[in-house]
Structures are given as structure tokens and as C-alpha cells.
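Keep the picture open while you read, and try to find each part as it comes up.

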Amino acid sequence: MNRIPVTKTPKVYIGGAFVRSESARTYKVSDRAGVFVANMPQCTRKDLRNAVEAAAKAGPGWARRTPYNRAQILYRLAEMLEARSAELVGSLVQFGARRPDAEKGMAVAIDRLIHYAGWADKYAQLLGSVNPVASAHFNFTVPEPMGVVGVIAPDSPPLLGLLSMIAPVIASGNTVVALASEAVPYPAILLGEMLATSDLPGGVVNLLTGFRKELVPTFATHAHIRAVYAAASGEEMRALRLGAAGSVKRVRFTDLSGPQWLGEEAQGLDRIGDFVELKTTWHPIGS
Amino acid sequence: MPTPRKPSAAGRGLIFGDLWEFDPAPETADPKLKERYELFIDGAFARPRTGKYFDSINPANERKLSEIALAGAADVDLAYKAAARAFPRWSALPGRERGKYLFRIARLLQDRAREFAVAETLDGGKPIKESRDFDVPMAAAHFFYHAGWADKLEYVAPGRRVVPLGVVGQVIPWNFPLLMLAWKLAPALAMGNCVVLKPAETTSITAMKLCEILQDADLPPGVVNLVTGAGETGAAVMGHPLAAKVAFTGSTEVGKAIMRQLAGTKKKMTMELGGKAANIIFDDAPIDQAVEGIVNAIFFNQGHVCCAGSRLLVQESVAERVVSKLKNRIRVLRVGDPLDKNTDLGAINSREQLSTIRRLVASGVREGAVMYQSPCVLPEKGFYFPPTLFTKVTQSHRIAREEIFGPVLSILTFRTVDEAIEKANNTAFGLSAGVWTDKGSRILRMSTELKAGVVWANTFNRFDPSSPFGGYKESGFGREGGRQGLLDYGALA
């Protein structure tokens, strides 16, 4: 008799713990052949608020880590992903990706993490400055993290898109509450498991699964989310901007699609710069 | 009502060192030394064409540790040819892939950190707490930092394209053997250059151990080549026709000789040479912290530090207090077995360096400065020198002008800010300086006026891969670390 496999209960990764939705709601996901795979947590606005609380708690500690330490932790995450890439590629293929595409996307995702690991201790030199003011003052500008940033990932590519949006945000010391692809949420569940075994402190990245139409409005209006980075369509973009106005939230959209996510244009310093505040300090020079 | 003055520092000083002996606390990790180290050329360990080897001894007890291949001109030539062969493919590799090799080197070095720390201490004489907590982790950090630059070179010189130079020749000193190697290799490789490097003859072991890591990291053959030997080998490395650039860290005297040797060639150069840093203590400084800072500035690594705070400038009004506290402090510095985890000052790197220190100290006494030495007991075998202070030093004394490169501090005084600036800048060197004061505005004024490449305020001897390091004037030119240091390994296309 064939051995019966043990199936996994997908749980979302919030505050460093694996939890179901507080609502106990789920939605079914099926593989490319239409066969049932698992029930995904259908996270609610309350789950989102809980995740924001976890992200806010983790924020000061993460921002105080040295840039070198953040760089090493991002690099460690890339090590974890490389070691378990077969599992991630397998899940992408299970939900409809062509294997060569999944493999290529996975390689790019890992290299992109390393790219941002390298930025963690460099972006400040490029985004900051010493300003030659016309008085006897030492005047300098440094970039600082914004705080809790909401990430709304694209449906496709589900994993590369999500990682490409999270990495530049956390590299500078922000913490993230991310909504995974609604259509292919399972790779984000696996990603949570890898985040948990990297050295990333719990709460720095919080991953939700569920329905965009239920959660996007709260991403827009939650006052403790200081910025939103979204792969969004026309009506969602308007709704995000509208809701964000109430707390003067920074909203950035990604307009990448398809193979653009693979290219170098999908990464870089500008994306870190989108999620920092600039602080300028004046100090007199004299004896 | 004024509060009564506290008793003098000397009166309430706690001199534990006189009361009991520490138990020995030796670090016991295995340094995994080989009996003999060959050259590393084209990805493999190779016997030198000279057929000769020289001994590497432990300066703490004068016992032989290993023997090191002596590279002649023919070996240096082989190394350059291997590097030149490797250059086209290495430089054409996408930056993100080149960076992965450097990340591997950083991680593999972190894995073997304690082994390398013990080897470094045995070979060079520095206290294990320094090789363990500073040299080795900082070397790994340099590889890690520069690894991240390899795919970001378009940001190094915005608006311009930066390309690698080709083969770079590098000669490094004996005071921070592994760390100086990391400072040299990491930016050169990140930029896409290939390297021929010569470690110092008294401290080749950790460099050769790093070659094992280069092999484990699967670095393509020829990208890094190491040749060991003394001055003659170094001259061959600096003068080789295939060297597009040479980078040298060492004494100002040798730096000048290299500049003369290379006059008329098109080789790029960077020089990180000697120093005679002023460490300036104002009367509003937090004195206890400043005393700790003075101790760190001059006694770190037995004073074998090019940026050591070897000239203490103290404001007259606090000079007596500072000197008295300093004397108390250096009495309790533990001098001895470098492998002991409690040791503050280890062994002087070589017999030759010990005699240089003795010669300069004798000149200080002869020229009229007043010497105070810690009454510590030195081990019978090995090269040691006690922590030493000179007061009543004038600017014309040799001990105020020449780099001693040992645990010897020359103390001068000043009255005004302007006098401090004047005295601090009255030197041919300009590598570093220290300022101790409670006033931020004064720190920035001093930083503006001091002719030195690094100014430390209310701290000393701080280093970071992201922070450019290098000198003004006869302390050399070029920077190591940060974006600026990386640019020194590229050409603008």
C-alpha cells in the first residue's frame, strides 16, 4: 500500500509566529490541474491591524541594528532561499508556472536579496549628503526609515514580486506588512517559513493571505502604516491614494509586469529611496 | 555653596595589579598551522623558484612557527602572468557574480574566525583579544562590504563609467596582517581587478591561510596571487611592468623609495604611510573617558598602528590631572603572553622593531624629556616593551617628530585652541588626529583645521569598511574604505 502523505496546514507568518486568521475563515486553493491543495487563511482587517502592531513593535529594534548587521541578515535570508529553492520552485510549478520560468524567477529573487543586502550599508552614503551651507555650520542629511510599510504584492509573479517589493523596504530599517498574491498565495506561506529560519527578527516582515478587496481599504487608511508600496490596478490606485490622504501616507506603485520583474530595472537604490525620510541636522562650527 | 573638591585621582585610584595575580587564561583554539607555506600562484600552492624558505617566528617566545617560501623575481613574474591571464574573464564577470565570491570569502573567514585569530596572535604578537575582537571580524566585514559593491559600480562615480585597471600589485605591513590584506584585496576584486600581493615577511601566515579560503570559495585561479618575502620581493612586486597600479601600506621611508622607483611609469599609486597623530585633550573633556581613549590610542596593538595617537596634546589646566591618571592607568595594563585573554599589550612584532623603539626612547631621555614606564614585569623570552610615557616633550624632540611605532607616548601641553591646532599640524605626517572636548562646535572647528585624513572626536582608533581611511601630506595619498576607496581601484572610462 502506498504511504499516504501528510498534508500541511498553511498558516500566515505574523510577529514571528505562524497563525490562522483570527476569523477562522479560509479559502481553497487548487493546483494547476484543479486538484484541491489546501485552505488558505482569509485574513481580515483585524489580522492586518494585528500585523501592523507586530511590525510597529519590531520597528525600533530593526532600525537600530547596524547597517552591516541588516546586510548580513538579508544575505542569510538569501542563503536560506538558495538552500530551499527546490521547494519554492516546486510550489510555483504546482500552481501553474512553467518550470524554467519558475527557476529563473527564483534565481533572480535570490540574487535580488543579495543586491539589497549589499545596499543596506551603502544607500546612506548615496542618499545622504553633507551640505555646504553659507554659514559656519556643519549641515548634513541622513536617510531614516519611515516605520511600518504596507506592501501589496502582484498576483504574478507571486514570489519574485513579493520579495522584490519587501527587500528594498526592510533594507533601510522599515518593517513590513505584506499582502501576498491572492491567486497564488502558497509560495508566501513557504517564504514565511524561511523567514522564520533566517536571522530576521520576528515582526520585521509579516505576511498575510486573503482577498485584496477586503484588505486594500485598511492598508490605505490605517494611520500607523506610514507608506504603502503596491502593485495595484486603476480603481485600487485611486482608493489607496484617497485613503492614504487621511494620514498623509506615502503611496508608491510599481508598474512592472511580466518579464520586467526579472530585469535590473526592477531593483535598485531608487526603491530604497522611496521608503526613507530625509533628516537634516545643523550644528555650529567654532571654538 | 561650592561642593568640596573630590580627592585627587591618585588618592582614590584602585591599583588592583599590585594585590593579586591573574590566573593564566590562554586561548586554546588550534591555529592549524602548516610546517611550511608555499607561494600561492594561479590558484595553487607552488614551491618558490628560488628554492629558499625563511623562518616565521613567534615574537612572544622567539620559537619557530613555520617556514615561508622566499619569492624571487621569477616567482613574482609568474604571479603577474597568472593574474594577467585571469583578468579578462574575471573583469567580464557580471558584478553580482563577482560579488558572490567575495561574500563567500567573508562567510568562510567568519566560520574560521577563532582559528585565524590565534594564528594572527602567534605570528604577530598582538593580544588575542584584539585579533579575536578586531582584526579578524573587521577583515571579514571588509570582504562583506565590498562584495556588495561589485554590482553597484555605476554608483561609485556618478555620471561616469568606472572600469577596472588590470593587475594590481600590493604590499602590506606587519601590524594588521590579515586586516590589511582584506583592505587591499576586497576593493581591488570588487572592482574587477586581479591581484599580486606580498605580505610582510614577519607575518605571512594568516595571508597564506586565507589562500586556503580562496580555494574553498572556488575563486578562479590567478585572480589572487600571493608571493612571500622581504624588501627585495616587495620591490619586484611594485616594479613589475604588468602592474597597472600599486598599493602600498608601510613606512613613509619605503613609500618614498617606491615613488622614486616608479617615477616615469604610468602606474597608478596609492600610499598609506606613517603617522604621528596628535590626540588633543581640552579642559572640558570628560577626563576619565579621555584617559581610556589615550590608552586605546597609543597602546592598541602595542602602538604598532600608523594612526596611533602618539603625540598627546593636553590643555595646560588639566595636564597634571591627566598625566597622573594616565600613570595610574598604565601601571595596570597587563603586558605579556599575547595568547592570554587578559593581556592588554602583547609582544613587539620583531627584534628589529624592538631595537627601533629602544633607540628612539633613548633619544627621548637624552634630549631631556622625562620618562615614566610601567613597573610591569616583562617575560624573559620574546620581544616586549613596557608602556612608556614622556613628559616635558618639546616639538623639536625626535620622539615628537618621528614615528616610534611602539607603546611610547609623547606628552606636550597647550593653552589655547589656536596653539593646539598649530602644534597638532606641526608635523610632516597627517594621517589621523583625536579631539576630546564636551563642545560639539569645537570638535567641528578642530576637524576643519586639522590637516589629517581621519579625525576622531571623543573616540579613537575606530574603523569601518564604509569609512574612508588615509592620509594628508607624508602620510600618503588615496583612501581605503567607502566609495572613495573603491574608486582608487578603477579608471574612469
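Of the contacts in chain A with a separation of 6 or more, what share comes from residues 24 or more positions apart? That share is 74%. Please keep in mind that this is a predicted model.

**Chain A as a whole**

Chain A holds 10 helices and 12 strands. Its radius of gyration is 20 Å, close to the 19 Å that the globule rule gives for 287 residues, so chain A is as compact as a globular protein of that length. Along the principal axes, the C-alpha atoms of chain A fill a box of roughly 85 × 40 × 30 Å. Of the 287 residues in chain A, 47% are buried.

**Where the chains touch**

The contact between the two chains takes 21 residues from chain A and 22 residues from chain B. On the chain B side, helix 3 (95–111), helix 5 (128–147), helix 15 (440–449) and helix 16 (482–487) each supply at least two residues. Which of the elements of chain B gives the most to this side? Helix 15 of chain B does, with 6 residues.

**Two domains in chain B**

Chain B is divided into domain 1, which covers 36–273 and 472–492, and domain 2, which covers 276–457. The C-alpha centres of these two domains of chain B lie 30 Å apart. Where the domains meet, 20 residues of domain 1 of chain B are in contact with 26 residues of domain 2 of chain B. Helix 4 (113–124) and helix 5 of chain B are the elements that give two or more residues to the domain 1 side. The largest share of that side, 3 residues, comes from helix 5 of chain B.

The table sorts two of these contact sides by class.

**A sheet in chain B**

Now look for an open sheet of 3 strands in chain B, with the order 1-5-4 and mixed pairing. Strand 1 (36–37) and strand 4 (53–58) of chain B stand at the edges, each with a single partner strand, so one side of each is left without a neighbour in the sheet. Strands of a sheet pair through backbone hydrogen bonds, either parallel or antiparallel. Strand 4 and strand 5 (residues 63–69) of chain B run antiparallel and are joined by 6 bridges. Which residue in strand 5 of chain B stands opposite B:Ile57? The residue opposite B:Ile57 is B:Lys64.

Note on methods: Residues are numbered from 1 along each chain as its sequence is written. Chains are lettered from A and ligands numbered from 1 in the order in which they are written. This is a predicted model: local features need pLDDT of at least 70, side-chain atom pairs count only at pLDDT 80 or more; totals for chains, interfaces and linings use all residues. Two residues are in contact if their C-beta atoms, placed from the backbone, lie within 7 Å. Helices (H or I, at least four residues) and strands (E, at least two) are DSSP runs, numbered from the N terminus. Domain bounds come from an automatic or database domain assignment. The radius of gyration is taken over C-alpha atoms; the globule rule is 2.2 Å times the number of residues to the power 0.38. A residue is buried if 20 or more other C-beta atoms lie within 10 Å of its own, exposed if 12 or fewer, and partly exposed in between; C-beta atoms are placed from the backbone. Two strands pair if DSSP finds at least two bridges between them.
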